[in-house]
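Me: I have a new model open and want to learn how to read it. Can we go feature by feature?

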Amino acid sequence: MSEPILNTLDLSRHFGALRAVDAVTLEFAPGRVHAIIGPNGAGKTTLINLLSGDLKPSSGSIRFKGQDITGAPPYVVSRLGVGRSYQKTNIFPAFTCFENCWLGAQSRERTSMRFLRPARRYRSVRERTERALALCGLTERAHVVSSAISHGEQRQLEIGMMLATEPELLLLDEPLAGMGAEEAARVIGLLRELAADHTLILIEHDMDAVFAVADRLTVMVNGRVLETGDPQDIRASPAVQEAYLGSGEGGG
Amino acid sequence: MTGPWPLRLTLLAAVGGLAVFPWVGDPFYVELVIHLMILGIFAMSLDLLMGYTGLVSFGHAAFFGISGYLLALMTPESGGLSIWLALPVCLAGTAVAALVVGWFSVRTSGIYFIMITLAFAQMAFFFFVEHQDFGGTDGLFVADKPFVGFGGWQLLDLRDEHSFYFFTLGLLVVTYLLLAMILRAPFGQVIRGIRANEARTRALGYPTQRYKLISFVIAGTFAGLAGFLEAAHTEYVSPSHLGWHESGLVLMYVILGGMGTLYGPVLGAFVMGLLHDQFQDLTEHFNLVMGFFVIAVVLFLPDGVAGLVARLGRARGGGPADPPR
Ligand SMILES: Nc1ncnc2c1ncn2[C@@H]1O[C@H](COP(=O)(O)OP(=O)(O)OP(=O)(O)O)[C@@H](O)[C@H]1O
Ligand SMILES: [Mg+2]
């Protein structure tokens with residue numbers, strides 16, 4: 001197996017007495033789609049927040065491409081090539097879709113401490129913005145204020161903003177949540193397309209989607225990793241059946 | 001994106017109106033309009049912080065006052081201080097002060113930011129009140145107006161009221177254009193992102209504190225420009241220039257004028273300044289009248305006077321607009 005692009009070692013995050021993420025040791029192989037599933041409150045979002053730098057770990061470490069990024073602030077992690085989307089839509093509501101993606105695209109310039117030339121004249125930024133809008137399917141809605149588009153479209157925008165930063169590793173926190181069937185199918189297609197030349201860490205409650213795109217699966221329960229393996233092994237695992245899949249409710 | 005045409009034309013007309021005013025207006029009002037234009041520069045500088053970066057400073061007058069004190073202290077009794085020395089020193093001094101205050105302040109947000117900026121301004125206030133070398137509560141006189149010249153030649157005589165008027169009008173326009181340029185540039189995009197959603201801006205790859213600090217320094221420096229003009233115009237500076245009362249007033253200009261537009265706060269400064277001038281003589285209860293006025297504007301014009309202008313023009317999107325130029 002090749003060197004992992006990202007790995008965690010005994011990674012924990014406590015909220016008071018609650019161990020939201022508890023001694024998680026995981027490896028993510030480059031170029032693969034690694035899904036993380038688990039019931040509500042399992043600690044999936046908290047884990048993503050630790051990986052992206054949005055939260056500081058209580059203990060343990062994170063390495064990205066051989067570099068220790070434990071406790072690094074989100075802007076450093078982002079600039080290293082880790083992009084993320086949020087479970088709870090986290091956009092700039094007063095900005096148009098174009099402006100939302102623009103800010104992501106502009107962050108790939110060497111610096112934004114530039115005061116003279118109008119931003120819109122930066123051709124490379126414009127191209128990245130337009131590419132991101134096209135990928136997430138919002139080209140037509142580019143100049144609509146993002147608080148005025150549908151919830152499903154806002155979910156697409158969430159992905160578009162992440163793609164505008166041209167990340168190598170994508171952390172996707174329930175990208176399909178709140179989408180209609182048609183939008184979801186579109187996004188699943190997009191994830192497959194992205195999987196060709198990106199590494200994806202995907203949190204998703206929609207099991208059909210997970211089994212459609214994931215190469216590898218980790219099941220989390222109560223902050224801990226219950227099991228990691230290939231999708232068919234996980235599907236067959238009795239422990240997982242009992243703890244999660246077979247519970248009849250399937251989360252979400 | 002370009003500003004809407006009707007608005008651009010209105011602004012151009014306003015500048016044109018200001019340019020002919022000294023020839024048609026009452027000399028007393030020339031003096032007043034100079035003061036209002038200075039307040040306009042001051043208010044625009046705060047708008048960069050409040051309307052575009054989302055930082056509500058309650059100590060912005062500190063930079064206004066510090067700049068005035070620097071001018072008063074460096075102007076010799078004999079006069080004739082070159083503006084090419086005076087202005088850069090005042091601006092650089094204010095920028096350094098803003099860097100120090102900003103360094104601590106941008107680590108906080110919301111009410112804490114308001115309190116810490118107020119605390120710094122009060123420190124500056126009491127520093128000048130308590131130091132007799134700096135005039136104490138009486139303040140300091142500026143011995144003479146700066147000399148605008150080039151190798152012995154005088155380009156502009158600031159002692160002449162009309163010259164000072166056009167000098168100030170020029171700087172009002174330059175300030176507007178510079179701030180509009182900064183806001184269109186990549187830096188401006190980032191600070192708007194910070195105002196709208198700082199956490200997401202950080203997650204997209206921007207060290208947001210650094211951007212907030214630079215914004216704070218730029219705003220402080222333009223406040224310093226206003227303070228320089230005020231001290232040069234009135235030939236006087238006192239602790240009240242940097243007191244919380246002054247900070248509160250400029251905050252009101254921005255809020256009442258309409259933050260996030262640049263021209264709105266200038267409008268706010270003019271409207272409030274004129275009301276101040278009109279009602280001050282009529283009533284001793286000026287502050288009461290002002291209080292009612294503020295409540296009325298907040299209730300009926302949530303986007304300030306500029307919001308009313310825009311509403312009469314066309315419906316706007318929610319975000320702070322690119323200022324037209
Ligand atoms: N900032 C916080 N402060 C306190 N407790 C928190 C915080 N964030 C998360 N938690 C708690 O940590 C646990 C894990 O939450 P997390 O959001 O990571 O779960 P999740 O697996 O993403 O769940 P879901 O499927 O509902 O999104 C929950 O019990 C949650 O209440
Ligand atoms: Mg979650």
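Reply: Start with one residue. B:Cys90 counts as buried, because its relative accessibility is 0%. Keep in mind that this model is predicted.

Me: Is A:Cys101 buried or exposed?

Reply: Buried means under 20% relative accessible area. A:Cys101 has 0%, so it is buried.

Me: Now the whole chain. What radius of gyration does chain A have?

Reply: Compare it with a compact globule. For 252 residues, that would give a value near 18 Å; chain A has 18 Å, so the two agree. Along the principal axes, its C-alpha atoms fill a box of roughly 60 × 40 × 40 Å.

Me: Which elements does chain A contain?

Reply: Nine helices and 10 strands. Then check how the sequence comes together. Of the contacts in chain A with a separation of 6 or more, 65% join residues 24 or more positions apart.

Me: How much of chain A is buried?

Reply: Of its 252 residues, 53% count as buried. The accessible surface is about 10,700 Å², and carbon and sulfur atoms hold 48% of that.

Me: And where do the charges lie in chain A?

Reply: Compare mean positions. Chain A has 27 positive and 30 negative charges, and their mean positions are 10 Å apart.

Conventions
Residues numbered from 1 in each chain as written. Chains lettered and ligands numbered in written order. Predicted model: local features only at pLDDT ≥ 70, side-chain atom pairs only at ≥ 80, totals over all residues. Heavy atoms only, no water. Helix = DSSP H or I, 4+ residues; strand = E, 2+ residues; numbered from the N terminus. Rg over C-alpha atoms; globule rule 2.2 N^0.38 Å. Buried < 20%, exposed > 50% of the residue type's maximum accessible area, 1.4 Å probe, protein only. Contact = heavy atoms within 4.5 Å. Areas by Shrake-Rupley, 256 points an atom, 1.4 Å probe, with all protein chains shown as cover. Lys, Arg positive; Asp, Glu negative; His and termini not counted. Charge placed at Lys NZ, Arg CZ, Asp CG, Glu CD.
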